[in-house]
Amino acid sequence: MLCGVLNSVAQNVSVEASLDSTAILIGEQLQMRTKVACPKGAKVVFPDYRSGMVVEGVEMLEASGIDTVETDGGWELTRNYTLTSFDSAVYKIPRVEIDVNGKKYTSRNEITLKVNTVDVDLQHPDDIRPGKGVVEGVFEWSSELLWWSLGVWLSFIVCIVCAVRIATAKPVTRRVKITPPTPPQKTAISAIERLRANEKEGEHQKEYYMALTDVLRTYIVERFGFNAREMTTYEIVEQLRRNGDAAAIDELQSILSTADLVKFAKYEATLAESDRSLLQAVDYVRTTQINDPEAEKAVEKIVVVSDSKQRAYKLSLKTVMFGSAIVGFALSVYVIYLLWLNFG
């Protein structure tokens, strides 16, 4: 029974060896494929050919890793050897011997390999041509060719960009920076400062007070929104009271009353009264002003340009597109000519 079991185990191990080609030229390489079928868990040792020779005249260059595949009956292990030979002859590669669990197993048959030499015409030795020297490349980039090629690419890129821009229905816009109007208090105070520099007395007081009241009436129009230029002093004061804007009304009423006396009753105000009127006017403006720093900042807006400018813009794009296409075509012809000269 023991002998039968051992024989059955031994029968489960098989070794195969084969070449992927039976004939090669001197110096060519081929693969020798070795395969072992054995039970799972078996310890398998493939030949390593440490001498570098499979047989005298046949050299082993490289041994691949072991590829293991699990089968129904156990394992199938495969290893490839890269072989070559530099002597023409017919070689018999001996049976491959593989160790499985400490026992040697060999492949079934020897393998025959024929190494052929290169045919040489010994009758005409002078016909053998010597080796060729280093051959320079037939093509080489030059700075001139590189720059002209770059010009071709740039021309066609500009042409494509213009064509895409013309095809889009998006209107032409531009960014506009809108500066807000000067706040009324700044305009009024600047005008009052100019009056201070040109302060008049005597017969010129009428013009002076008329200018001062014009500044204040203009400020009231812009600040409070009603037409103070066409209203009397009484009407202005009453309108401000009805609007609930009672701040510094007494000062405003004092200025306007003095101005009415000078303009209509030939009243001559003293220099001190003129100065006081200026100070009261400045104080009134500063008391009633509205400080809004955000309103004084410039605002950027995107606006659509006019139809005439739209047409002019598209016409310029078409001109640039066709011009770029013509330039690109001309440069392409010139680059092809340079290439022809280079290869010619």
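Trainee: Where is the place of Tyr49?

Mentor: Keeping in mind that this is a predicted model, you will find Tyr49 in the loop between strand 4 and strand 5, the latter covering 53–55.

Trainee: And is Tyr49 buried or exposed?

Mentor: Tyr49 counts as buried, because its relative accessibility is 16% and the cut-off for buried is under 20%.

Trainee: What about the phi of Tyr49?

Mentor: Tyr49 has a positive phi, about 50°, although Tyr49 is not a glycine. As background, most residues other than glycine have a negative phi.

Trainee: Which loop holds Asn101, and what is its phi?

Mentor: Asn101 sits in the loop that links strand 10 and strand 11, and Asn101 is not a glycine either, yet it has a positive phi of about 55°. With a relative accessible area of 52%, Asn101 is exposed, whereas Tyr49 is buried.

Trainee: How many bridges join strand 4 to strand 10?

Mentor: There are 2 bridges between strand 4 and strand 10, the latter made of residues 97–100, and the two strands run antiparallel. If you want a point to locate on screen, look for Val45, which stands opposite Asp99 of strand 10.

Trainee: Switching to another set of strands, how many bridges does strand 3 form with strand 1, and how many with strand 8?

Mentor: Strand 3 (residues 29–38) pairs with strand 1 (residues 14–19) over 6 bridges, in the antiparallel sense, and with strand 8 (residues 75–84) over 10 bridges, again antiparallel.

Trainee: Now the helices: at what angle do helix 3 and helix 4 pack?

Mentor: Helix 3 (residues 184–197) and helix 4 (residues 205–224) pack at about 175°, with their axes 9 Å apart. Angles over 145 degrees count as roughly antiparallel, and helix 3 and helix 4 are therefore roughly antiparallel to each other.

Trainee: Which residues make that contact?

Mentor: Helix 3 contributes Pro184, Gln185, Ala188, Ala191, Ile192 and Leu195, and helix 4 contributes Tyr208, Ala211, Leu212, Val215, Tyr219 and Glu222. Sorted by class, the contact of helix 3 with helix 4 has 10 nonpolar, 1 polar and 1 charged residues.

Trainee: How far apart are Ala211 and Ile192 in sequence and in space?

Mentor: Ala211 and Ile192 are separated by 19 residues in sequence and by 9.0 Å in space, C-alpha to C-alpha. Ala211 belongs to helix 4 and counts as partly exposed, at 26% relative accessibility.

Trainee: What does helix 4 do with helix 6?

Mentor: Their axes come within 9 Å and cross at roughly 145°, and the crossing of helix 4 and helix 6 is left-handed. Among the residues in contact are Tyr209, Met210 and Leu216 of helix 4, together with Leu256, Ala259 and Val262 of helix 6. By class, the residues of this contact of helix 4 with helix 6 divide into 10 nonpolar, 3 polar and 2 charged.

Trainee: And how do helix 6 and helix 7 cross?

Mentor: The axes of helix 6 (residues 249–264) and helix 7 (residues 271–288) come within 9 Å, crossing at roughly 140°, and the two helices are therefore oblique to each other. Helix 6 passes helix 7 in a left-handed crossing. The contact draws on Glu251, Leu252, Ser254 and Ile255 of helix 6, and on Ser277, Gln280, Ala281, Asp283 and Tyr284 of helix 7. In this contact of helix 6 with helix 7 there are 4 nonpolar, 3 polar and 2 charged residues.

Trainee: Last one: how many helices and strands does the protein chain have?

Mentor: The protein chain has 8 helices and 14 strands, and 30% of its 344 residues count as buried.

Key
Residues are numbered from 1 along each chain as its sequence is written. This is a predicted model: local features need pLDDT of at least 70, side-chain atom pairs count only at pLDDT 80 or more; totals for chains, interfaces and linings use all residues. Side-chain values use heavy atoms; hydrogens and water are left out. Two strands pair if DSSP finds at least two bridges between them. Helices (H or I, at least four residues) and strands (E, at least two) are DSSP runs, numbered from the N terminus. Axes are lines fitted to C-alpha atoms, for helices over the stretch in contact, and angles run from 0 to 180 degrees between N-to-C directions. Angles under 35 degrees count as roughly parallel, over 145 as roughly antiparallel, 65 to 115 as roughly perpendicular and the rest as oblique. A crossing is left-handed if the near helix is turned anticlockwise from the far one by less than a right angle, and right-handed if clockwise. Contact means heavy atoms within 4.5 Å. Ala, Val, Leu, Ile, Met, Phe, Trp, Tyr, Cys and Pro count as nonpolar, Asp, Glu, Lys and Arg as charged, and the others, Gly among them, as polar. Buried means under 20% relative accessible area, exposed over 50%, partly exposed in between (1.4 Å probe, protein chains only).
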